[in-house]
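Subject: Structure for your review

Dear colleague,

Please find below the structure that I am handing over to you. My notes on it follow.

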Amino acid sequence: MTMVEYFSFLPYGKYAFYVWLAYGVSAITVITLFVSAKRNHKKAIISLKNKYSRK
Amino acid sequence: MWKWIQRQSSPKIFYQTCTSLTPWFFWPFIGFLLVGLYWALIVSPADYQQGDGYRIIFIHVPSAILSMMVYAIMAIAGGIGLIWQIKMAEVVAKVSAPIGAAFTIIALVSGAVWGKPMWGAWWVWDARLTSELILLFLYLAYISLNNAFDNPRTAAKASSILAIVGLVNLPIIHYSVKWWNTLHQGYSVGTGGLKDPDMQIALALMFVASIFLYALLVAIKAKTEVLIREQNSRWVQDEVSGAAL
């Protein structure tokens, strides 16, 4: 059984595997971008806080 | 006008503007995304040739347009930084690069996943695909060149020149489907493209959502970059010590 057949129970039948793969990869990329941007900002604030408190 | 620009481009004001704009980018992004997805996945009918497989278009086309738009913004902001020495333009250019690269990757991956059922191949060395791949390499070259210098001003100068030279690739990507006989289908936007009004609405909604996403990510990333660049100034110390975590 191929992946295409396996995922054909989802909406869009024989194209389900491809459509949801494309949407899934995009969603993961966008979420990663957003979370890493937020996390980097927090990290920068923490490291600057530490730097100032050492003075 | 000039005074206003100068005021806006002072790091402190720029930082505050980014902070206040963030919710104005975030919520429209979520709104347009949800309505866009609803229109793309439920309202829009299946295509007469490609069935439901065509639905990849709603992420493929917006991300491909954004990959080129972000590159243009990056090169123009870099140029503004070079000519008028506006530091905040350099910041916008620098933080745009990874976002643009991500849009390029989404365009390439969604295109490959779309190509498999329609063409029978994940990848072909077609003019459109190859020029878009070169765009990804340009982004990666820009990012690594920018990281190669310790001084952020020198880094901005060198990488901006690279970005401006790389602009020549944008018309090549855009016209590649016209200039060469390609496997890639023609324009989806404009004459001869999508004809169903629901499909057009879905594509427009997803495109607007992508623009808000880009603006949102620039606002967040630019703030981080400004904090690091201006870490020796008084206002950053105040900002950081007052920041709640």
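I begin with one residue: B:Thr104 has 26 C-beta neighbours inside 10 Å, so B:Thr104 counts as buried (a residue is buried if 20 or more other C-beta atoms lie within 10 Å of its own, exposed if 12 or fewer, and partly exposed in between, with C-beta atoms placed from the backbone). The model is a predicted one, in which local features need pLDDT of at least 70 and side-chain atom pairs count only at pLDDT 80 or more, while totals for chains, interfaces and linings use all residues. Residues are numbered from 1 along each chain as its sequence is written, and chains are lettered from A and ligands numbered from 1 in the order in which they are written.

B:Thr104 lies in helix H4 of chain B; helices (H or I, at least four residues) and strands (E, at least two) are DSSP runs, numbered from the N terminus. Leaving out residues up to four places away in sequence, B:Thr104 touches B:Ser67, B:Glu132, B:Leu135, B:Leu136 and B:Tyr139, where a contact requires C-beta atoms, placed from the backbone, to lie within 7 Å. From B:Thr104 to B:Glu132 there are 28 residues in sequence and 7.3 Å in space, C-alpha to C-alpha.

Chain B as a whole has 9 helices and 0 strands. Its C-alpha trace spans about 60 × 35 × 35 Å along its principal axes, and 38% of its 245 residues are buried. Of the contacts in chain B between residues at least 6 apart in sequence, 78% join residues at least 24 apart.

The C-alpha atoms of B:Cys18 and B:Ala222 are 7.8 Å apart, although 204 residues separate the two along the chain.

How do the helices pack? H2(B) and H8(B) pack at an angle of about 155°, with their axes 7 Å apart (axes are lines fitted to C-alpha atoms, for helices over the stretch in contact, and angles run from 0 to 180 degrees between N-to-C directions). H2(B) is therefore roughly antiparallel to H8(B); angles under 35 degrees count as roughly parallel, over 145 as roughly antiparallel, 65 to 115 as roughly perpendicular and the rest as oblique. The contact of H2(B) with H8(B) has 29 nonpolar, 3 polar and 2 charged residues (Ala, Val, Leu, Ile, Met, Phe, Trp, Tyr, Cys and Pro count as nonpolar, Asp, Glu, Lys and Arg as charged, and the others, Gly among them, as polar).

H4(B) and H6(B) pack at about 60°, with axes 11 Å apart, which makes H4(B) oblique to H6(B). Here B:Glu90, B:Ala93 and B:Lys94 in H4(B) meet B:Ala156, B:Ser160 and B:Ala163 in H6(B).

Finally, the largest nonpolar core has 72 residues, of which B:Ile56, B:Val92 and B:Leu217 touch the most other members; such a core is a set of buried Ala, Val, Leu, Ile, Met, Phe, Trp, Tyr and Cys residues joined through C-beta atoms within 7 Å. Helix H2 (16–54) of chain A is among the helices that each supply at least two residues of this core. The contact between the chains takes 24 residues from chain A and 30 residues from chain B.

Yours sincerely

Definitions and conventions. Contact = placed C-beta atoms within 7 Å.
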